[in-house]
Amino acid sequence: MQVDAIGPEGAFADSGAPEHAISQNVVAQVNRLADAARAAGMPVIWVVHYETASHADTKQNAEIFKGIVEADSLVKDTPGAALVPGCEPQDADLIVEKQRMSAFAGTSLDAKLRGLGVEKIVISGAWTNFSVEGTARQGADIGYEVVVVTDGTVTMNDEWQNVALNYALTTIAERLSVDEVIEAIGA
């Protein structure tokens, strides 16, 4: 949910992601979900992709990582790395920093979740076919039940969204709408 990823002024503005974010109403949906989770006493964790200014520590083993470096994007403490307006963490929310597609790869996320006693994770955010899918896959691999929020995720266009949600994730995660998640948690 960072400016460079889905913001109209971000590094990847020409990807189609800003338009898809608007068509998905993803900022409002993510906020509805976060508010409901807080109301139900569930932890809310914001995962942000942060690069160093030099990108010297970024392994460019895949096109996605090469693209991040070439665009000089997601550099910590820059406007592009900020969460998009409307996605402001609350005081009790947690922040996890990452540099790979999965929110689990090389981060403290698993330790935080296990410390909180979490067995089921609910994933929303950007980009459905990269970070969301990667996190869902790794989460399932390490033992979590996974829910991906269908209308609380965004990517470059409806086609990529459909492929991620209705093909790639069909045997990995339960796919629910924001309303279905809110109903299930009783908020």
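**Close-up 1. Buried residues of helix H4 in the predicted model.** Helix H4 spans residues 63-70, and its buried positions are Phe 65, Gly 67, Ile 68 and Val 69. These buried residues pack against strand E1, residues 45-49. Just after H4 comes Asp 72, whose phi is positive, at about 50 degrees.

**Close-up 2. The largest nonpolar core.** This core holds 24 residues, and the members that touch the most others are Met 1, Ile 6, Val 26 and Trp 127. Two or more residues each are supplied by helix H1 (3-6), helix H2 (17-24), helix H3 (26-39), E1 and H4. The largest share, four residues, is that of H3. Apart from this core there is a second, separate one of 16 residues, with Leu 113, Val 118, Ala 136 and Leu 165 among them.

**Close-up 3. Surroundings of Trp 127.** Leaving out residues up to four places away in sequence, Trp 127 touches Ala 5, Ile 6, Phe 12, Ser 15 and Ala 17, as well as Val 132, Val 154, Thr 155 and Met 156. Both Trp 127 and Ile 6 are among the residues of the largest nonpolar core that touch the most other members.

**Close-up 4. Thr 107 in the loop between strand E2 and helix H5.** Strand E2 covers residues 94-98 and helix H5 covers residues 109-115, with Thr 107 in the loop between them. A polar atom of the Thr 107 side chain lies 3.1 Å from the backbone nitrogen of Leu 109. Setting aside neighbours within four places in sequence, Thr 107 is in contact with Val 96, Glu 97 and Lys 98.

Conventions. Residues are numbered from 1 along each chain as its sequence is written. This is a predicted model: local features need pLDDT of at least 70, side-chain atom pairs count only at pLDDT 80 or more; totals for chains, interfaces and linings use all residues. Side-chain values use heavy atoms; hydrogens and water are left out. Buried means under 20% relative accessible area, exposed over 50%, partly exposed in between (1.4 Å probe, protein chains only). Contact means heavy atoms within 4.5 Å. A polar contact is a pair of N or O atoms within 3.5 Å; within protein, one must be able to donate a hydrogen and the other to accept it, and residues adjacent in sequence count only if both atoms are side-chain atoms. A nonpolar core is a set of buried Ala, Val, Leu, Ile, Met, Phe, Trp, Tyr and Cys residues joined through side-chain atoms within 4.5 Å.
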